[in-house]
Structures are given as structure tokens and as C-alpha cells.
Amino acid sequence: MSGLHFRDDIWLLSRLDWLWSGYFKDVKQTNPVFIKFGRFSKYRLGSIRLDRKTGHSHITITSMFKDETIPVAIIDHTIAHELCHYTHGFSAPGPRLHKYPHHGGVIKKELEGRGLHHLVKAYALWLKSYRKLLR
Ligand SMILES: [Zn+2]
């Protein structure tokens with residue numbers, strides 16, 4: 001097989017599947033959820049939106065993360081962050097569990113509660129050096 005480590009949309013989907021089946025198993029997928037690389041953005045790392053017309057959810061990840069010097073944990077953290085929004089009913093068909101998507105550190109709490117502390121830690125560490133790079 002060629003391109004075993006190449007980061008494309010199929011690779012993203014495999015990361016989403018891995019996270020969902022390993023850490024979000026209790027979260028029912030009530031609509032089709034798609035994931036893909038979007039445009040290159042330094043600040044907006046990921047997003048999730050619900051297409052009201054089709055009822056599909058779309059997760060978009062910055063193309064910056066195609067760079068293989070960026071640890072996989074950082075991409076996993078970004079995907080897991082969007083999965084938390086889905087879990088809380090944002091950009092998902094279900095009811096919203098909070099008024100605001102980032103209310104009072106709910107994402108961090110959700111990630112920690114699901115045993116993803118290592119991703120939170122890896123991201124915080126990466127962010128430190130990344131911020132220096134941005135300056
Ligand atoms: Zn968010």
C-alpha cells in the first residue's frame with residue numbers, strides 16, 4: 001500500500017472512526033457525519049456545522065494539519081473537540097445541552113471525562129510553541 005501515512009480525507013475519516021468507536025461509543029450518530037480538510041487556516045483549526053437542507057453534519061479541519069511534523073494527537077484533539085460539540089447537540093440534530101458551545105470549559109470537561117486527558121495535554125503543550133511561532 002502506498003501513502004500509508006499520507007494525510008488525506010480518508011485518513012481524517014479513519015481518525016474520526018477511531019475516536020468515535022473508542023471514546024464516544026455512547027454518542028449515537030443520528031445523521032450522516034462527514035469530515036474533510038478545508039482551507040489552510042492558522043487560527044481556525046476545526047469546525048462543525050449542520051447543513052439544514054440535507055441534515056448532514058460536516059467537520060472541517062485546517063489543511064495546515066496535513067503537515068506531518070504536527071503530531072497526530074493535535075489532529076485527534078481537534079476532531080475530538082468537534083465531536084464534543086456534536087455530543088452536546090451543536091451542529092447535530094439532537095437537543096443542545098448547553099446554551100453556548102464553549103460554556104464554562106465544557107469541552108475540556110467532556111474530553112477529560114472520556115479519558116482523553118492525553119490529548120488535552122498534548123494540545124496545550126503544542127499550543128505553547130505554536131503561539132511563539134505565530135508571533
Ligand atoms: Zn469549539
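## Hairpin, zinc site and nonpolar core

Strands E2 (residues 46-51) and E3 (residues 56-61) pair in the antiparallel sense, over 6 bridges. This is a predicted model. Gly-46 has Ile-61 in E3 as its bridge partner.

The zinc ion has three histidines as its protein donors: His-81, His-85 and His-102, each through NE2, at 2.0 to 2.1 Å. Along the chain these donors follow the spacing H-x3-H-x16-H. Helix H2 (residues 72-87) holds both His-81 and His-85, which are 4 residues apart, about one turn of the helix. Both of these helix residues are listed below with their accessibility.

| Residue | Relative accessible area | Class |
|---|---|---|
| His-81 | 18% | buried |
| His-85 | 6% | buried |

His-81 counts as buried because its 18% is under the 20% cut-off.

The largest nonpolar core has 35 residues, and Phe-65 and Trp-126 have the most contacts inside it. Two or more residues of this core come from each of helix H1 (9-23), strand E1 (33-37), E3, H2, helix H3 (106-113) and helix H4 (117-134). H2 gives the most, with 7 residues.

Leaving aside neighbours within four places in sequence, Phe-65 is in contact with Arg-7, Phe-37, Leu-45, Ile-70, Ile-74, Ile-75, Thr-78 and Trp-126.

Conventions:
Residues numbered from 1 in each chain as written. Predicted model: local features only at pLDDT ≥ 70, side-chain atom pairs only at ≥ 80, totals over all residues. Heavy atoms only, no water. Donors = N, O, S within 2.8 Å, 3.2 Å for Na, K, Ca; no water. Buried < 20%, exposed > 50% of the residue type's maximum accessible area, 1.4 Å probe, protein only. Pairing = 2+ DSSP bridges. Core = buried A, V, L, I, M, F, W, Y, C linked by side-chain atoms within 4.5 Å. Contact = heavy atoms within 4.5 Å.
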